[in-house]
Amino acid sequence: MLELIKALGLGLVVLLPLANPLTTVALFLGLSGHMSSAERNRTSFIASVNVVIIMLVAWYAGQLVMDTFGISIPGLRIAGGLIVAFIGFRMLFPPPKGHHTPEVQSKSEALQEEPETNIAFVPLAMP
């Protein structure tokens, strides 16, 4: 019984940083402020199912995919570092604001007419 508790504790410690629940909850609350309670519940359920599917696929097929494409763990770490650096540099030097031109106004009107996007997969389940 003690071994089971240790295994569950280790699994929880390993999965918590991967799932990142504190940041995801803050993101969910910020993005679902305009939703009704039923929509919010449905979105959180779909996001939870998506997370379970993503984790199962990564667990069972992750090494196979990496071997198929010839990706090594150090190469994956370097690519992740480059992506984080790229995002950091974009945050340091944001693009200039658009001017009030007819193109910008027509695009903003078109965006307001689009239906609501589903946030259950991106950014909640797969940031």
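The largest pocket is lined by 24 residues, of which Leu-18, Ala-19, Val-51, Met-55 and Ala-125 lie nearest its centre. A pocket here is found on a 1 Å grid over the protein atoms alone, as an open set of points where a 1.4 Å probe fits, with protein on both sides within 12 Å along at least five of seven lines, and its lining residues have an atom within 4 Å of a point. The model is predicted, so that local features need pLDDT of at least 70 and side-chain atom pairs count only at pLDDT 80 or more, while totals for chains, interfaces and linings use all residues. Residues are numbered from 1 along each chain as its sequence is written, and side-chain values use heavy atoms, with hydrogens and water left out.

**The largest pocket**

- The volume of the largest pocket is about 820 Å³, where a volume is the space filled by probe spheres set on the grid points, which are joined across faces, edges and corners.
- Helix H1 (2-19), helix H2 (21-31), H3 and helix H6 (120-125) each supply at least two residues of the lining, and H3 gives the most, with ten residues.

**The chain as a whole**

- The protein chain has six helices and zero strands, where helices (H or I, at least four residues) and strands (E, at least two) are DSSP runs numbered from the N terminus.
- Buried residues make up 9% of the 127 residues in the protein chain; buried means under 20% relative accessible area, exposed means over 50%, and partly exposed lies in between, with a 1.4 Å probe and protein chains only.
- Among contacts between residues at least 6 apart in sequence, 75% join residues at least 24 apart, a contact being heavy atoms within 4.5 Å.
- The accessible surface of the protein chain comes to about 10,900 Å², of which 72% belongs to carbon and sulfur atoms; such areas come from the Shrake-Rupley method with a 1.4 Å probe, and for residues only the protein chains shown count as cover.

- Ala-125 lies in helix H6 and is counted as buried because its relative accessible area is 12%.
- Leaving aside residues up to four places away in sequence, Ala-125 touches Ala-47, Asn-50, Val-51, Ile-54 and Ala-120.
- Although Ala-125 and Ile-53 are 72 residues apart in sequence, their C-alpha atoms are 9.6 Å apart in space.
- Asn-50, which is placed in helix H3, is also buried, with a relative accessible area of 17%.
- With residues up to four places away in sequence again left out, Asn-50 touches Ala-120, Phe-121 and Ala-125.
- Pro-123 is in helix H6, and a cis peptide bond with omega of about 15° joins Val-122 and Pro-123.
- In general, most peptide bonds are trans.

**Thr-24 in helix H2**

- Thr-24 has its place in helix H2 and is partly exposed, with a relative accessible area of 25%.
- The C-alpha atoms of Thr-24 and Pro-123 are separated by 8.7 Å, whereas the two residues are 99 residues apart along the chain.
- Thr-24 touches Ala-19 and Leu-124, not counting residues up to four places away in sequence.

**A nonpolar surface patch**

- Val-65, Phe-69, Ile-71, Ile-73 and Leu-76 make a nonpolar surface patch of about 470 Å².
- Patches are made of residues with over 30% relative accessible area and no salt bridge, with like charges joined within 9 Å and nonpolar side chains (Val, Leu, Ile, Met, Phe, Trp, Tyr) within 5 Å; a salt bridge is a side-chain nitrogen of Lys or Arg within 4 Å of a carboxyl oxygen of Asp or Glu.
- Helix H3 (37-69) and helix H4 (73-92) each supply at least two residues of this patch.
- Ile-73 is found in helix H4 and is partly exposed, with a relative accessible area of 41%.
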